[in-house]
Amino acid sequence: MAFESLHGVKVVSYMTEQTFIIGDFFAVYKKDEEFPLIYRWSEVKSVTENKLDFIINTGEVVYKIAKTCFSDDKKALAVRGIIEGIISVNPSIEYIHQKRILPPKNLYITGDISDANYIANGVYKEREINFSNVILLNTRLGSVFKVTALLAIITAFIFLHVFYGDTAKNWFYFLPVSIFAGGILVMFIYLICAVIANYHYSYLFKTDAAISEEITFAVSADGFSAVESNLHTGNEYIPWSEAAFFIETNSVFIIYKNNKAVCWLPKRLFDKEAQTQITKFIAERLYQK
C-alpha cells in the first residue's frame with residue numbers, strides 16, 4: 001500500500017463529542033461509550049474532502065471531520081495522505097476532492113524512488129503557477145482566438161461597408177481599421193481569460209494547505225513524485241504509464257493524465273543543465289506537447 005509507513009492520526013471533535021482514529025482502520029470513539037466503532041476501509045463507501053471537512057461514508061453512517069479539529073495543517077495533510085494511500089489499494093471507495101497542484105496520493109504505488117535521477121526540495125510560487133497557466137490557456141485557445149479575430153475583422157469590415165459605403169474607394173482605410181478591431185476584441189477576451197486563470201490558481205493557494213508546504217520532487221526511470229517533504233518516504237512514485245503527456249513552459253514541467261495536470265515541477269529548483277537533461281529524460285517516456 002502506498003504511504004503505509006505514515007503513522008495513524010488521532011482527531012478529537014469537541015463539537016460532535018467524537019474521537020477519530022485514521023490509520024490501518026477507521027475507528028470512532030463516542031462520548032460515554034466504552035467501545036469504539038471500528039471499520040475496515042473495505043467497508044467504507046466513499047470519502048470526500050472539501051474546503052472545510054473530510055467526509056467518510058461507511059454506508060450506515062456519514063462522519064464529518066472538520067478541518068478546524070486539526071491542530072495544524074501538517075496533521076490534516078497526514079490524514080489526507082493516509083486516506084489516499086488506503087484508496088490506492090481500495091479503488092472501490094468513491095473519492096471526491098478539490099482540484100490541486102499536487103498529484104493525489106491514490107495514484108502512487110510503492111517502490112523505490114530514493115535513488116531518483118533528479119530530486120529537489122522547494123515550495124511552489126503563485127506567480128510561476130499563474131503565469132504557466134495563462135500560457136497553457138493561450139496555447140489551448142489559440143485556434144479559438146484566431147477564428148474570433150477573423151470573424152471580428154469580417155464583421156467590422158461589413159459594418160464599415162454598410163454605414164460608410166463607397167468601399168471600392170475606402171477599402172484601404174476599412175481594412176486596417178477592421179484588423180485593429182479584431183485584434184482589440186481578441187486581446188480583451190484574452191485578458192478576461194488570463195484574469196480567470198490567475199484567480200483560479202490564486203484560489204487554490206488559499207484553499208489547499210499543501211501548496212504552502214515544502215515539497216520533495218523526484219523524477220526517476222520508474223516514475224515521478226511530488227510529495228510534502230514531511231510525508232515523503234522515498235518509497236512511493238507514480239508510474240509513467242499513469243501519465244499521458246507533458247508540457248514545458250519557462251517556469252515548470254507539467255505532467256498530464258487524462259488531459260488534467262497531475263504534477264507541476266518547478267524548473268527553478270534545477271540548474272540550466274539539469275533542466276535540459278530533465279526535458280530529454282521525460283521526453284523519452286512521455287509525448288511532449
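Colleague: Which residue forms a salt bridge with Glu-128, and how far apart are the closest N and O atoms?

Modeller: Side chains of opposite charge can pair when their charged atoms come close. The term salt bridge is used here for a side-chain nitrogen of Lys or Arg within 4 Å of a carboxyl oxygen of Asp or Glu. Glu-128 pairs with Arg-268, with 2.9 Å between the closest N and O atoms. Before we go on, a word on the source: this is a predicted model, where local features need pLDDT of at least 70 and side-chain atom pairs count only at pLDDT 80 or more, while totals for chains, interfaces and linings use all residues. Residues are numbered from 1 along each chain as its sequence is written, and side-chain values use heavy atoms, with hydrogens and water left out.

Colleague: Where do Glu-128 and Arg-268 lie?

Modeller: Helices (H or I, at least four residues) and strands (E, at least two) are DSSP runs, numbered from the N terminus. Glu-128 is in helix H2 (residues 126–140), and Arg-268 is in the loop between strand E16 (260–266) and helix H5 (272–283), so the bridge ties together parts 140 residues apart in sequence.

Colleague: Is Glu-128 buried or exposed?

Modeller: Buried means under 20% relative accessible area, exposed over 50%, and partly exposed in between (1.4 Å probe, protein chains only). Glu-128 is buried at 9%, whereas Arg-268 is partly exposed at 35%.

Colleague: How many salt bridges are there in the whole structure?

Modeller: The search finds 12. One of them joins Arg-80 and Asp-208, at 3.0 Å from N to O. Arg-80 belongs to helix H1, and Asp-208 to the loop between helix H4 (167–207) and strand E11 (215–219), 128 residues apart. Arg-80 is buried at 6% relative accessibility, and Asp-208 is buried at 4%.

Colleague: Which residues are linked with Arg-80 in a network of salt bridges?

Modeller: The network links Arg-80 with Glu-49, Lys-67, Glu-84, Arg-100 and Asp-208. Within it, Lys-67 and Glu-49 have their closest N and O atoms 2.8 Å apart.

Colleague: Now to H1 itself: how many of its residues are buried?

Modeller: In H1, 12 of the 17 residues are buried, so the helix is largely enclosed by the rest of the structure. Contact means heavy atoms within 4.5 Å. The buried residues of H1 pack against several strands, including E5, strand E1 (9–13) and strand E12 (223–228).

Colleague: What should I look for in a nonpolar core?

Modeller: In soluble globular proteins, nonpolar side chains tend to be buried together. A nonpolar core is a set of buried Ala, Val, Leu, Ile, Met, Phe, Trp, Tyr and Cys residues joined through side-chain atoms within 4.5 Å. The largest core here has 69 residues, and Ile-22, Phe-26, Ile-65, Tyr-124 and Ile-255 touch the most other members. H1 supplies the largest share of this core, 8 residues.

Colleague: How many disulfides does the count come to?

Modeller: A disulfide is a covalent bond between the sulfur atoms of two cysteines. With the cut-off set at a pair of cysteine sulfur atoms within 2.5 Å, the count is 0. Among the cysteines, Cys-263 is buried at 3%, and Cys-69 is partly exposed at 23%.

Colleague: Where is confidence lowest, and where highest?

Modeller: pLDDT is the predictor's confidence in each residue, from 0 to 100. The mean for the protein chain is 86, and 96% of its residues reach 70 or more. Confidence is lowest in H2, at a mean of 74, and highest in E5, at 96.
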